[in-house]
Structure formats: structure tokens, C-alpha cells
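Colleague: I am new to this structure and would like to learn how to read its features one at a time. Could you take me through the chains, their contacts and a few single residues?

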Amino acid sequence: MSGSALSARGVNKSFGSLVVAADVNIDLPPGVRYALIGPNGAGKTTLINLMTGMLRPDSGRIVLGDEDITALPPEERVRRGLVRTYQINSLFPHLSALESVTLAVCERRRVAPTWWRPLTAYRYEIEEAHAILVRLALGPVCHRRTRELAYGQQRLLEIALALASKPKVLLLDEPAASVPREESRELFEAIAGLSRDITVLFIEHDMELVFRFASRIIVLVGGSVLMEGTPAEIAADARVRAVYLGEAHRVAVHG
Amino acid sequence: MTSETLAAAASAAPAGPNEFLRAQARWRWSEIAFWLATLLPFVLTPDYLILASQVAITALFALSLDLILGFSGIVSLGHAAYFGVGAYTAGLISVWGWGEPLTGLLAAGLAAGIVGYITSFVIARFRHLALIMITLGFCLLLQEAANDANWLTGGFNGLQGIQTWKLLGIFDFDLYGYTAYAYALAGLFVIFLVARRIIHSPFGLALRGIRENSARMPAIGAPILSHIRTIYTIAAIIAGIAGAMLTQTTETASLESLGFQRSADVLVMLIVGGTGRLYGGLIGAAVYMVARDQFSGLNPQFWYFWIGLLLIAIVMFLPNGILGGLELLARRLKVWP
Amino acid sequence: MLPALGVLFDGAAYGMLLFLMSVGLSVTLGMMNFVNLAHCSFAMLGGYVTVTLMNALGWPFLATLPAAFVAGAAASIVLERIFFRRFYNSNELNQCLLTIGIVFMSIATAAYIYGTDQQPMQLPSYLQGSFTVAGIDLAVYRLFLIVVAALITAVLMLTLESTRFGAQVRAAVNNQRMARGLGIDVDRLFAVTFALGGGLAGLGGGLALPMLGLDPSFALTYLIYVLIVVSVGGLGSIAGSFVAAMLLGVADMAGKYYVPALGSVLIYLVMLVMIMWRPTGLFGRR
């Protein structure tokens, strides 16, 4: 279907007898906010890996906009606007936040290979990196090394790195994972503040985030899509409750 | 000298982003003092200028290894292969009748660069133990091949008949060593400036990104294989130039210039000095070679006993080498140049 | 045809030696991902123990072999407890440097105590000489080597496949975290495996005396061959080490016999091609 920002069509992947993706079909219209939920081990991160090219599907296609990207290596998909963040921080420990984001901007603008000009000559890239960090409330700490940042700030830096690649489609892998309550406000604001030009799919266990931001929820269980629907439909569905929301929902109802 | 420590200092007094980055690339007084100090041997120890030239050459070689190991995280146990290619290229050109040093340097750099470029296609694809074995294997292969091809290399006895012409037509490479040291030091300084420029360029930032987290690099759109090939080729060229300088100043080229021993020695020097700091290789080379000269009366076995002990001590207590230790000290004493 | 069989026989004997010296490193590398470049120092230690016991104390050759095993095992345990265990989670470079440091010190110590000459040793008369079978000269000692090593290999394989200890080793090599999760005391397991590997290396060093000689550079010279066996055979695989050691032994002998001018070039070339083709080794995982 043209008009979709990103779609996975008939994607299958197994490791020996372990099936991690079974005939997965996902379609993301441009500009939406969809959530991907499912129990642990359902294959959510694996699906992200398949979409971004870290894993090759056994069969099926990944289509970004009009282009079939199934055969492209990860950096080429990023170049075309498909960007992800990581569930467990994958940052540059000894680089400052500013340097990390500047690096991402430089790579995007293809100026990274220039070894004969000083970095400080690239004012545009540095200013853009700084602006991204300021927008995510990381301005005051942008000079600090990544490893010295608080955990919540590091999660924000994950998003900053992704934004530096000017994504058209952004895959957020559990952005709020392990972030303490006090630090999650900026995170929520950052996600809310994402431009409507960007199509967002986020994996989350935090139901507050899911119900607040997602217009549609996809439920993944055992490598295949169980169902897809609006938050209300998902919350009401008995199968979903049984598999995933079940216990928590019952506890909430009976206090 | 390094972004880490500068970041610590700068975070106390926040500046604009561009100013912050520029502050890291600024020349510090300790660096200027260092380069002025390299001129001292002319005045203080004129009897040791030949040794000084050897130190400068080895320092250049260590610098080339730092670019791939310290800044990019590529562990190579066989970097001497490119040093040897450069050494033998310069030697062969001289034996075949052309002993002009500067063009010999260019030719050696080119030859080593070509070999480096070709091997970089393989090197870039591997990590961990496979990479260590491949770099080691290639070095050993080259050493064996050079030994077997004694019609070309002179085999065990080395190349005979090398004669280096006067530098710029004026300065003779004599036993006093003035020309040798000036030549080696100038080469070291010029190439150091190039290396420094690389480190503070966007490419240098990309290299550090590769070292810090190579898995994340493709996810920000980085062509990691291409980056690695580039720096590996540059490092090979520099190593080749260093090898050529050795041949030209000593008028010999032998198998030990491309063997495992030389690869291991330069690795030790870089570790002792401190990786990823540009000056680590220089300081490590100076310390190592001066010490070896002082203890040259000793049985080589005993030398390696102490080197072994030093390696263990460094890995266990001072993993960032001498420069790392100095940085810690400077931070403790709140003195920062 | 006949010289080829002789080369095969000698190559097999050499391969068996390489296997004994390598198998310990392969398993510990596969289990703990610890690059122990000092592994051949244990072999060298075993060799020197054998020589000292024979020449200085008059022990019979066969009696020195268990002592060589014990020496290798003891040295392994000591080094593992004091140094290596701190670096299990460190990067490869640090592990290489630490263990290279130990190699340097071991070489220097051996040179200090024994000098740099080849150690002389005299095989007992019943292991000397050779006999001819179908036109091929078979050295008695090499036959002895093959038999002993084959026995040890069989015991190793049996232990691995049929005992609880072997199952634990296989589990830890396959997935360390999971093994811990199952309650296996991986640290103790590793210490025992390390000791076993070091002991086998020591035994290999003792057995290698008549065939490979012994001087202080042994620890480095044969380290390269051991590393080739381990990388080509696959980390953590006993079968892989065996196959790779045999291939290397035969290839080296064949190379020296048929194309001596090429020397070790052939070996390194084959190694490079193998690692590029299969970076984790023939039998390695992933």
C-alpha cells in the first residue's frame, strides 16, 4: 500500500526451531504514533532489529515509503530516514553529549570522512546538535561526558542521537525503561514534542505512556501479531487481557 | 590534552558549544614545552644524536599505531608489517641507484599505503580474537616471505649496499647524527601535526565513536567499514615513512623491521605511554628506548623480564599508561595545563 | 606414495602434540573468553620439569610425565587465582598484555635458570629407534606419542560426553550466564578446567622434548601454532582443536618435506584463509 511510511510484509524469522517472527504484517501510515506491546520474549526488539537491518528476515519484505529496503545494510536505512533507539543505552561513554550528537549530525551530512578540516569549522553541525540537546533539556549538561549523566538524561540522549539523524520513521525501544519517576517527565515531554512529520512506533511496557501517546496499539505475542486496534479496543479485548494485561487489570479493578 | 579531562574542566565553566570544542583543540603549554624539549639533545647530549634519531623514528611508528589502536580501537599485533614494507622499499630504491631521501620517503609511504589499503578490506571486517589472529598472521606471513625471498630482501643478512644521498643536497647523514636527528625530528613533527589535525576533525570524532561503541555507529548512519579502511591506510603510510627513515638513517634494512618482535615492542611502548593521547606513543618510545640503551649491557633475557613485569603492573594498576597517571595526578593536585 | 605416508605419520604425531598443548586454551577461551597467551608457558614449564627430573634427579622418562602434568596444572591454578580472574570482563587487549607480560617473565626466568641452549635429553632405550612397516620408517617414539595422545583424547571426549562434569563444561561454554542461572558454580568449574588445560599443556611440553626440543623461546615459538589451532578449530571445541591440530601438524610436515623453500608461509596463508572464511573457527559457535 503506497502512502505508508513503513511497513513489514509477511516477515518471518527463525533461529533453528525458535520462531521469533511469524508472518508479521505491520503498516505505519505517515505521522502516526503507534505502540507495540507484548509480553517479554514476544519478539518486539527482534522485530525492530529486522526492520532496521540488524537481522535479515528469512522471508518477507520491509518497505520504507516507496522503497523496498529489505536488502539494505543498517547505515543505508538510517540514511533514508529509518532510525531507532535502544532499550539498553547504547551510547558513547567517554564522549560528551555534545560530541555524540555532533557526530551523528556529521555522519548524516556526510562530512565525517573529512580528516583535514577541524571540527570547529563545522558551525552548522555543532549548532544543530546543540539545538537538539537544548530542546531535550540537556543544554546545561551537554559538555559532560555521557557516562557522567544521570540515567534519565542518558535516555534522553538516546533520543537526541536518533533525532540527529533526521528520522522520517522513528522506532523507540522502551524509551522509559528503568527511568525513575522523577526523571520521566522530561522524557514524556520529549516524546510529546516530536514533530508530526515523524512517524513513531514505540515499544513500551509502561501503559501510562502507551495510552497517553498511542493512537493505535499492536499486540505481539510469540512472534506474531495477536491483534491491532485503538487503545479502547485493546483494553477491552479478552484475549489481550488474558495474555498480557490480565493480572494487572484485575488488580486495578479490585483495588 | 584529551577531551575527557578537558570536559571535566569545562563543565565547571560552561561556554558556548563551539568554544567548548575549540578549547579541546587548543595547544597547551605542556605540548609546546614538549616540542621545545625535543630540541635539547642538539645542545645537551650531542653524543647521543643517533639514539635520538632512533627514538624519533620509533615515536613516529608508535604514533601510527596509536591512530588505529588508541583512537579507533583496532587491536593490531602486526603493525610492523607496514613499517617493514616502508623500510625495504626505501632500501631497495637506494640499492637500485636512487638514494635521495625525501623521494624515498614518499615512495615508501606510497608502498606501505597500498599494502595497508589492500589489507584494510580484510581488517575492517573482523574484531576480537579473529582480528588479533589476522593481524598477527599477516605480519608473520610477511616476515617468513621476506626471509624466503632472500634474492630480493637479502634474507637473514638484510639488504646490502644502501647509500643515502645528502639531504637537500647539502646535509650528509654522518655518524655525528645531526642530520639524522634533524631529519627524523622534522618528519615526526610534521606528521604529528597531520595526526593532530585528524584527531580534531569530524573524522577523528567518528574514530572515537568507533572505539567507544562500534555497534552504535551504523545506527547513526556511519559507514564504519569505510572509516576503518581510511584510518588504517593512513596509519600504514605513516608506519611506512617511519620504516623508510630507519633504513635511510642507518643504511640497513633487515627482517627485524617487519617482525613480530617489532610489533610487540611498539605495542608495549604505546601502552606504557598511554593510548589515545597522541603523546603516549612518543613518550613511551622515548622511555623504552632510552631505558633499553642504558641497560644494553644486560642480557636481553633480563630486559624482557622487567618489561614483562612492567606490562603486568601497567595493566593492573595504570591501564592508561604514564600519561594517564600524570592526568590523574594533575587532577588530584588541581593543576591543569 | 611411501614418503607421503611417512609424512602423514610424522604429521599425525606432531598434530597430537599440538592438540595436547592447545586443547586447554581452546576450552578456557570458549568458556570464559579469556585470551591466555601464556598458555605455552605451561607447556614450557612441563618440559623443563621433565628435563630437570631426568637429568638432575635421574628419574625415568615415563615417571616425569605425570610430574609435568602436575606442574602445568599447579602453575595454572596459581596464575588464575592471583591474576587472571580479575580480567575476565576486561577487553582483549588488556588480557593479551597481561599474559604477554607473564610470557616474557617466564622466558627470562627459564633463561636465567637453564641458559638459552637446547636442553639435552636421552630417551629410554625402549622408546628409541624405529621399525619398518611396509616400507615406511616409523619412529618408535612417534608411535608412542600417537598412542598416548589418542588415549588421552578418548578419555577427554568420554569425560565431556558422559560425565556430569563434562556436561557442566559444555553448558558453560555454550552459555555462561545460563549455566550460572542453572546453579552451576562456573567459577570453580573454570578453575578446574583451567588447571586441567594447563596440566595437559605441561604434559604436552614434556612429551614434546624429543620431537621439538626445548629452550626458553619455546613459550613464544609454539604459542603461534597453538593460537592457529585454536582459532581455526573453534573456541571451546575439543573436536575442533583435534581436527585443526591434525591439519596443522600434517600441513607443516608436508610443507617442510615437499616445499622447504616456502617454510611456514604456507601455514600462515592457510590460517589466514581459514579465519577469514570462518572467523569463529571450524567448529566454533555463532
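Modeller: What follows goes from the chains to their interfaces and then to single residues.

Modeller: This is a predicted model, in which local features need pLDDT of at least 70 and side-chain atom pairs count only at pLDDT 80 or more, while totals for chains, interfaces and linings use all residues. Residues are numbered from 1 along each chain as its sequence is written, chains are lettered from A and ligands numbered from 1 in the order in which they are written, and side-chain values use heavy atoms, with hydrogens and water left out.

Colleague: How many helices and strands does chain A have?

Modeller: Helices (H or I, at least four residues) and strands (E, at least two) are DSSP runs, numbered from the N terminus. In chain A they come to nine helices and 10 strands. The radius of gyration, taken over C-alpha atoms, is set beside a globule rule of 2.2 Å times the number of residues to the power 0.38. For the 255 residues of chain A that rule gives 18 Å, and the value for the chain is 19 Å, so chain A is as compact as a globular protein of that length. Along the principal axes, its C-alpha atoms fill a box of roughly 60 × 45 × 35 Å.

Colleague: What share of chain A counts as buried?

Modeller: A residue is buried under 20% relative accessible area, exposed over 50% and partly exposed in between, with a 1.4 Å probe and protein chains only. By that rule 57% of the 255 residues of chain A are buried. A contact means heavy atoms within 4.5 Å, and among the contacts of chain A between residues at least 6 apart in sequence, 65% join residues at least 24 apart.

Colleague: How does chain C read in the same terms?

Modeller: Chain C has 11 helices and two strands, and along the sequence they follow the pattern α-α-α-α-β-β-α-α-α-α-α-α-α. Its radius of gyration is 19 Å, which agrees with the value near 19 Å that a compact globule of 286 residues would have. The C-alpha atoms of chain C fill a box of roughly 55 × 45 × 35 Å along the principal axes, and 56% of its residues count as buried. Of the contacts in chain C between residues at least 6 apart in sequence, 79% join residues at least 24 apart.

Colleague: Which two chains have the most contacts?

Modeller: Two pairs of chains touch, and the most contacts are between chains A and B. There, 41 residues of chain A are in contact with 41 residues of chain B. Buried area is the accessible area (1.4 Å probe) that two parts lose on being put together, summed over both; for chain A and chain B it is about 3600 Å², of which carbon and sulfur atoms give 63%. A:Phe92, A:Trp115 and A:His143 supply 20% of the area that chain A buries against chain B, more than any other three residues.

Colleague: Where does B:Gly155 lie, and is it buried or exposed?

Modeller: B:Gly155 lies in the loop between α9 (150–153) and α10 (178–199) of chain B, and it is buried, with a relative accessible area of 0%. Leaving aside neighbours within four places in sequence, B:Gly155 is in contact with B:Ala146, B:Asn147, B:Asn150 and B:Leu255.
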